[in-house]
Amino acid sequence: MYMPEEQDFAAKKIDWSVWKRLYQYALTHRRLFVTVIVALVFVAAFDIAYPLFTSYAIDHFVVPKTIDGLLPFALLYALMILMQGAGVITFIRNAGDLEMSIAYDIRQDAFTRLQELSFSFYDRTAVGYIMARMVSDTSRLSEMIAWSLVDVLWSLLFALGCIATMFVLSWKLALISLVVLPPLIFVSIKLQKLMLKYQREARKQNSRITGAFNEGIMGAVTTKTLVREQQNADEFGGLTGKLKRASIKSALISASFFPIIMSLGAIGTGLALTFGGAGVLSPETAFVGAVTAGTLVAFITYCTQLFDPIQQLANILAEMLGSQASAERVITLMDTNPDVVDTPETLKKYGGIMQPKPENWEPITGRVTFDHVTFQYKNGERVLSDFSLDVAAGQTIALVGETGAGKSTIVNLLCRFYEPSEGRILIDGTDYRERTQLWLQSSLGYVLQTPHLFSGTIKDNIRFGKPDATDEEVRLAARLVHAEPFILAQEKGYDTEIGESGARLSTGQKQLLSFARVVLKDPRIFVLDEATSSIDTETEQLIQNAITHILKDRTSFIVAHRLSTIRTADRILVIRGGEIRESGTHEELLAIKGYYYDLYTQQFCEDRTAASLGGQDKEDA
Amino acid sequence: MSKLIETIQSALAKQRAKRKKESRREAKPEQKKTNWRLVGEIMAGYRRYLVMASVSVILATAFAYAVPYVTSFTLDYVIQGIDSTTPAFLLPLLTRLGGREYFVQNLYVCGICLFVFTGMNCLFTYLRRQNVALASEGVAKGLRDRLYRHLEDVPYDYHKHASTGDLVQRCTSDVDTVRRFIQVQLMEIVRTVVMFTFAAAVMFTVNVKMTLISMAFLPLLTVSSFIYFRYVRRYFTASDEAEGALSTMLQENLTGMRVVRAFGQQKSEIEKFTSLNRAYRSKTLRLIRLLALYWGLSDSVGYLQIALSLCMGVIAVYHGTFTLGNVALFTTYVAMLTWPVRQLGRILADMGKAAVSLGRLDEILSAPVESEPGKKLEPDMEGDIVFDNVCFGYDRYNDVLDGVSFTAQSGQTVAILGATGSGKTSLVQLLQRLYLRTAGRLTIGGVDVNDIEHGPLRRNIGIVLQEPFLYSRTILENIRICDPCASDEDVYRAARTASVHDVIESFEQGYDTIVGERGVTLSGGQQQRVAIARTLMQKAPILIFDDSMSAVDSETDAAIRKSLLSLRRGGITFLISHRITTLREADKILVLEDGRVTQQGTHEQLIRQDGLYRRIAEIQDAVS
C-alpha cells in the first residue's frame, strides 16, 4: 500500500534547545567540525580578496598603463585560486563527512533505543511513522546541521569581511553604499518566512493529490459500478486546481524574492557608482574624498555580492523553522523510555542485551504461574483482572475466545512484552522480574499469526535464534518440521534468498520456516498464535505435523483457531472479557455445552462447507 | 559561492529523494524515443506562456548585461574621457545631452541607470518565472487530470493487474519530474544559451582576440561538467541502494520486533544495522568526495579564467588596444558566465530523466479505455435476464465460465452457490459489462448488454462487493454518493434497511464520521452494511449481493434480507452466499461448479437431488 507523506507541522518559532541538543552530535566530531571552520575561513577570505586583486590590477597596471610586476601578480593570483579550490574541496568533503557522521550517530542511537523500547510503544506507534523519523527526518536534520554550519559561517564571514574591507578602502563610501543593508536584512527575513508559508500550503495540497490518486485507483472498480467517473474527475479537478493555485502563488513569492533583494542591492551599487565615481573624477571636492578607479570597481563588486550572504542567512532561519518539527520528533523518539526494564541488580548478574552473561542464567524447566495478574493499558483500559493460572512444565494450553477477549494479552505478558499492572508472573516459581528479559526470551519460542521472515537466505532465517548453529543442525530442524522438501525444491536450496519479508514464498511455507526456526532454538516455553486464514490442505497437514512435534516436551501456549490443535491440548481456556470462562479438556468443555460448544460446532460447520465446496482460487488472481 | 553550497545540498538531497522513489520501482526498460506527440498535447495552450517566458529571458539578460556596461561606460567615457569604447550609435545622443561634461556634473545619472537596468533585469526575471510557473503548473494540472480520468476509464481488468503503488508513484513523482523539467531545466537551458550569445556578441564587438582568450576555458567547463554528471550517476545509485538496504533492514526489524525480542536477537540486529549504516555512510561519502572534487576544481577553473582575462586585459591596455572599462566589463561578464556553464552538464544529464518520466506517463495514457457500444439501446431494466450459453475467460486458455445458461424472470431473486473460483463473481460482473463475455448471449429485457451504454447499464444495476470500497469522506456522503441531493431522512432509511443506522449513531460523530484512509476504520461487517445502504440509495432495478453479508452475523443477515425484500418491487436480485438459510428463500438457486451450472431450481427441488447443494445443506443443518 502506498503511504501518503506526512505533513509538516507548522512551527512558528525556533526552539533553540532542540537544536542545541542536535548540535551536540556535530561537536562530537571535533576534527571534522574544526576542519570545516578553518577551510571556510580561508575560502571566505579568498572570496573577499578577489575584488581586491581586480582593484589592484586596475590601479597599478591599467590606469598607469604598465605591465611591470604583472608576472608575480599573476602567479600570486593563480596560487590563491588554487588554494581556494583546495579550500572548497576540503570544506565540502568535511561538511559532507560531518553530515553523514551526524546522520550515522543519530540513526545508531535511535536504532539502539528502538531495540529497547517496550511494546506499549510499538502498539501506539505505526511502523511508517518510525521509518519516516529514522530515514527522512535524520537525513534532513543532519543535512541541516552540517550545511547550515557552512552556510551561516560562510555568510557571516563573507558579509562581515566585505563590509570591513569596504570600510578600510573608504569608510565614507562604505557608509553610503551600505545604507540599504538594514532594509535588505529585514525584507529578506520577511520574504523567507512568507515563502515557507506558501511552500507548506503547496506541499499540503500536493499530499492531498497523492491521497486522491490513491483513492481513485483503489476505488476504480467501485467508481465504475456506481458510475461516478464524471463526479470524481470533477472533484479531482477541484483539488488539482487548488494545488495549481497554491503552487503558482508559492512560485510567484519565491520569484519575487530574488528580484526584490537584488533591486534593493542595486540602490547600494548605484550609490557607490555615483559617489565613488565623483571621488575618482574630482578627489578634492567629492564628498567621499579621493577614490581610485580600482576601489570603485571593487566597491561595485562588493555591493552586488553582498545580498547573497544576507539572503543565505535568511534562508537558514526559514529552514530551521521548517525542520523544527522534524527535530522535535526525532528528539522525542530518542527520549522515549521503555516501560519494561531490567533492574540494575539483575543486569549486573545476568547482563544486558549487548553483553549477556549466559553463564549466570538459571536453566528453565517451564512451569508458568500467573498469580492474580491484572493488566491495564496506560489509558486505563483494563484487559485482564485478577487472572490466575498454573501450568505445569510440558503442558499445552489452548486459548480460545473472541478478538479482544484478552488472549493476546496473556501471551504478551508471558513473553514479558508487557508486565502485569498488579500481581506476579512466575517462571519455575520465581517472579520473572527478578531476572532479565533476555533470560526469559532466550528460552522462548514464538510463532506469529503472520509469519515474519527477514531478508537473507533460508538458512539465515532458520538459524535466526541460534546464529552459531551448524548447517547440519539447520537441516535437522527443517527436516523435523517437514520443511526440507520445499526448501530443496528451491533454486539454491538452503541458500535461496528469501526476498523482502519472504515475498517469494507462500504463507504456508513461511509458517514452516518459522517453525523450523523455533525447533532449532529448542525453547522451553513455546507460544503460537495460529493463523486464521486457511492455507492449502497439503501444507495445512504439514503444519499440523510440525506443531505436534514442537509441542512435545515443552510448555506451550497456543492462541488457537484450528480445531485439530485445540482438541489435542491438555487444557483449553475460554477467555472472555479478560477472565477464564471455561476451562478443561475438549471432551469436558463439549459436555457443558457453553461457549466452547457453540464455537466448535460453528467452526466445524464452516470447515466442512469449505471442504465440500473445494475449488481452487482461480478467480482471485 | 552560496549558490555553490545550495547546489551541492540540493544535488545531494533532491536527487537522493528522487532516486529513492525511482529505485523502488521495478526496473523497466527505458523508452528510447521521446514521445513528441504527448509533449505537443500537454503543452497545447501553454506555448504562449513559454514564448513570453523566453522573451522575458532575452530582455532580462539584455538588462543584466547592460549593468556592467554602465560601470564600464562610467570608467571609460565619464572618468577617462575615452569614447572609442562607447557604441557609435550612442555617441550622438550623448553629445546632445552635453557630452562628457554633462555626466561629470551629473554622475548620479549613471547610478540611476545602473539601478534602473538592474530593476528591469529583476522585472523580467520575475516575468519569466511567472510565465514559467503558469505554464508548468498548468501542464502539471492538465496531466494530473488526464491521468486521473484515464485511470477511471480503463477497463476493470487493468486495475486488477496494475499495482496501486506504482500507478500513484507515476501519477505523482513522474508528473513532478515533467513539471520541474519545464519550470527549471528548460528555462535554464534557454537562459544559458541566451546569456552566452549576448556576452559573446558584446565582447566580440569590443575585442575579438580578448573575447577568445576570455572564453578559452568555457568549452572545457561545459564538456567536463557534462561528463562529470553522467559519471557521478552511478555513485548516486550506489548511495541510494545502500540507503535502500538500510531502510529495508529497518522496516523488517520494526515489523518483526516481536520475533527479534522473542528470540533475544537485539544484539545481532544492532550489529547488522551498524554494518549497513556504515556502508551507507561510506558510499555516500565517496559520492560527496567526487562532488567536492568537481566543485572545487571547476571553481578554480572559473576563477583562473577570470584571472587570465584580467592579466591579458592588462597587457592589452598596455598595448593600447583595450581600456579600463573593457577590463571591468570582461571580467564581470566572464564571472557571470562561468556559473551557468558549470551547471549545464547537470541540466543536460537531468533531461534524460524527464524523457523517461514522460515515457512512463505515456504508458498509462495509451492504455485503451473501455469502449462504448455502437448501438445505444435502452431496454426495460426490470425485464428478464437471460444467460444463453455464456462463456468467459480472462485469457484464451482458461475458461472461467463455460456455457452458462439460465433465465431470471422479472421480480425473481436468484441465489448462487459455488466455491471460490467457480465463476460466481465473473458471472455477475458480466452483467455490468466489467468484463466482456467471450461467447454466448446475455440479454436484459431482451436487449444484449453489449448494446447498452455503460452509464445507463451500471446505474441500473446495484452491486455490493464482498470487500466493499468506501470513499474517504463521511458516512453520510458515502451513502448518498450516487444521489448527492438525497435528504438525510432518505439516507437514514437506507441505513436502517441495511441494519447499520444504530451502529452509525453510536459513533461519536454519527453520520459525520469520516471513514477510509484518513478516518475511522470500520469493521468488515460495518463496511458491508454501509455499502448495502449506499447501493440501496442507487434505487437500481437490478441488485447484486456478491457475498456481501459474509462478515455480518446470520441474524443480522436475515434481518437485512427481510427488510430488503419488503422494499423490492420489480427487478431481479442476485444473491451470492454460502449460507443455506440465505439461499433457501430465493426463487431460483444456481449451483456453480468449475464455470458450469450443475444444478438449478428451488430449495425444495435441490434438496431432493443428490448433489453439492444437499451436501452443504446437510452439513449446515446438522449444526443449527
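Predicted model: local features only at pLDDT ≥ 70, side-chain atom pairs only at ≥ 80, totals over all residues.

Trainee: How many Å separate the centres of domain 1 and domain 2 of chain A?
Mentor: An assignment divides chain A into domain 1, residues 16-335, and domain 2, which is made of 365-443 and 561-612. Taken over C-alpha atoms, the centres of these two domains are separated by 60 Å.

Trainee: What separates the centres of domain 1 and domain 2 of chain B?
Mentor: In chain B, domain 1 consists of 13-19 and 27-365, and domain 2 of 374-460 and 577-624. Over C-alpha atoms, the distance between the two centres is 62 Å.

Trainee: Which strands of chain A stand at the edges of the open sheet of 4 strands?
Mentor: The order of that sheet is β2-β1-β4-β5 in chain A, with antiparallel pairing. Two of these strands have a single partner each, so one side of each is left without a neighbour in the sheet. The edge strands of chain A are β2 (382-391) and β5 (430-431).

Trainee: At about what angle to β1(A) does the direction of helix α12 of chain A lie?
Mentor: Helix α12 of chain A, residues 407-414, packs on this sheet and touches β1, β2 and β4 (422-427) of chain A. The angle between the directions of α12(A) and β1(A) is about 120°.

Trainee: Which residue is the bridge partner of A:Phe375 in β2(A)?
Mentor: Strand β1 of chain A, residues 368-376, pairs with β2(A) in the antiparallel sense over 6 bridges. Within β2(A), the bridge partner of A:Phe375 is A:Leu384.

Trainee: Which strands stand at the edges of the open sheet of 6 strands in chain A?
Mentor: In this sheet of chain A the pairing is mixed and the order is β6-β7-β8-β3-β9-β10. The twist averages 20° from one strand to the next. Two strands have a single partner each, so one side of each lacks a neighbour in the sheet; in chain A these are β6 (444-447) and β10 (579-584).

Trainee: Which helix of chain A lies across β3, β9 and β10?
Mentor: Helix α12(A) lies across β3, β7 (525-529), β8 and β9 (571-576) of chain A, at about 150° to β8(A). The helix asked for runs at about 100° to β9(A) and comprises residues 595-613 of chain A: α21.

Trainee: Which residue of β2(B) is the bridge partner of B:Cys391?
Mentor: Strand β1 of chain B, residues 385-392, is joined by 5 bridges to the antiparallel β4 (residues 439-444) of chain B, where B:Ile385 stands opposite B:Ile444. Strand β1(B) is also joined by 6 bridges to β2 (residues 401-408) of chain B, again antiparallel. In β2(B), the bridge partner of B:Cys391 is B:Asp402.

Trainee: Is A:Lys172 buried, partly exposed or exposed?
Mentor: A:Lys172 is found in helix α6 (residues 171-177) of chain A, and touches A:Phe287, A:Val288 and A:Gly289, residues up to four places away in sequence not being counted. A buried residue needs 20 or more other C-beta atoms within 10 Å, and an exposed one has 12 or fewer. With 16 C-beta neighbours inside 10 Å, A:Lys172 is therefore partly exposed.

Trainee: Which helix gives the most to the side of chain B that touches chain A?
Mentor: The contact involves 124 residues of chain B and 133 residues of chain A. By class, the side of chain B has 64 nonpolar, 40 polar and 20 charged residues. The helix that gives the most to this side, with 30 residues, spans 266-318 of chain B: α13.

Definitions and conventions: Residues numbered from 1 in each chain as written. Chains lettered and ligands numbered in written order. Pairing = 2+ DSSP bridges. Contact = placed C-beta atoms within 7 Å. Axes fitted to C-alpha atoms, helices over the stretch in contact; angles between N-to-C directions. Nonpolar A, V, L, I, M, F, W, Y, C, P; charged D, E, K, R; others polar. Domains from an automatic or database assignment.
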